[in-house]
Amino acid sequence: LSAGALFLLIGFLYERTHTRDIGDYSSLVQVMPRFSFFTIFTFIATVGLPGTAGFIAELYTLIGGFSLWGGWMVLLSIGMLVSAAYALRTVGTLFTGTVSSKMGLLPDLSTTEILAAGILSTTTLLLGFFPASGVALFTASVTRLSKLF
């Protein structure tokens with residue numbers, strides 16, 4: 001969900017700017033506050049903020065991995081920390097600094113775009129606070145898959 005929301009939001013940004021160079025962006029929080037809210041939330045959910053589906057996914061992965069592979073999971077934990085560092089760096093680059101002349105007149109999210117990002121964000125929160133409904137969807141598949149190993 002959070003990866004899908006991130007692709008959606010970055011797609012919205014690309015449609016407005018037609019550039020993929022992260023150095024072209026700065027202080028979008030002043031220019032596009034709604035876009036900034038959803039993007040920062042999505043980045044934080046992606047790195048596993050408690051209360052989001054990303055946290056539940058990482059928690060299940062770590063618990064299951066440590067019980068099966070033990071010390072090898074330390075490498076995965078380091079990878080999670082590195083991805084969190086990259087997410088925070090990207091948030092800093094996109095949303096802080098002075099407003100670039102290229103980015104000063106960008107329109108913020110439209111109502112339809114807010115609805116799409118809101119649905120993904122709300123679902124991320126709902127699955128974070130009430131994970132049992134999401135876990136029930138894939139329990140049978142995971143059980144069958146785990147018997148193969």
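Is Ser-27 buried or exposed? With a relative accessibility of 1%, Ser-27 counts as buried; the word buried means under 20% relative accessible area, exposed means over 50%, and partly exposed lies in between (1.4 Å probe, protein chains only).

What you have on screen is a predicted model, where local features need pLDDT of at least 70 and side-chain atom pairs count only at pLDDT 80 or more, while totals for chains, interfaces and linings use all residues. Residues are numbered from 1 along each chain as its sequence is written, and side-chain values use heavy atoms, with hydrogens and water left out.

So how much does the predictor trust its own work? The score to look at is pLDDT, the predictor's confidence in each residue, from 0 to 100. The protein averages 90, and 100% of the residues score at least 70. Among its elements, α6 has the highest mean pLDDT (96), and helix α7 (residues 131-146) the lowest (85).

Now for the overall plan. There are 7 helices and 0 strands, where helices (H or I, at least four residues) and strands (E, at least two) are DSSP runs numbered from the N terminus. Read from the N terminus on, the elements simply go α-α-α-α-α-α-α. The C-alpha atoms fill a box of roughly 55 × 30 × 25 Å, taken along the principal axes. Of the 149 residues, 35% are buried. Counting contacts (heavy atoms within 4.5 Å) with a separation of 6 or more, 77% come from residues 24 or more positions apart.

Helix α1 (residues 2-17) packs with helix α6 (residues 111-129) at an angle of about 160°, their axes 9 Å apart. Axes here are lines fitted to C-alpha atoms, for helices over the stretch in contact, and angles run from 0 to 180 degrees between N-to-C directions. The two helices are therefore roughly antiparallel to each other; the cut-offs are under 35 degrees for roughly parallel, over 145 for roughly antiparallel, 65 to 115 for roughly perpendicular, and oblique for the rest. On the α1 side, the contact residues include Leu-8, Leu-9 and Phe-12, and on the α6 side they include Ala-116, Ala-117 and Leu-120. Sorted by class, this contact has 7 nonpolar, 3 polar and 2 charged residues. In that sorting, Ala, Val, Leu, Ile, Met, Phe, Trp, Tyr, Cys and Pro count as nonpolar, Asp, Glu, Lys and Arg as charged, and the others, Gly among them, as polar.

Helix α3 (residues 33-46) meets α6 too: their axes come within 11 Å and cross at roughly 30°. That makes α3 roughly parallel to α6. Among the residues in this contact are Phe-38 and Phe-41 of α3, along with Ile-114 and Leu-125 of α6. The classes here are 6 nonpolar, 3 polar and 1 charged.

Finally, back to Ser-27, which sits in the loop between α1 and α2. Most residues other than glycine have a negative phi. Ser-27 has a positive phi of about 50°, although it is not a glycine. His-18, in the loop between α1 and α2 (28-31), also has a positive phi, near 55°. At 55% relative accessibility, though, His-18 counts as exposed. Asp-24 is found in the loop between α1 and α2 as well, and is buried, with a relative accessible area of 19%. Leaving out residues up to four places away in sequence, Asp-24 touches Thr-19, Ser-100, Lys-102 and Met-103.
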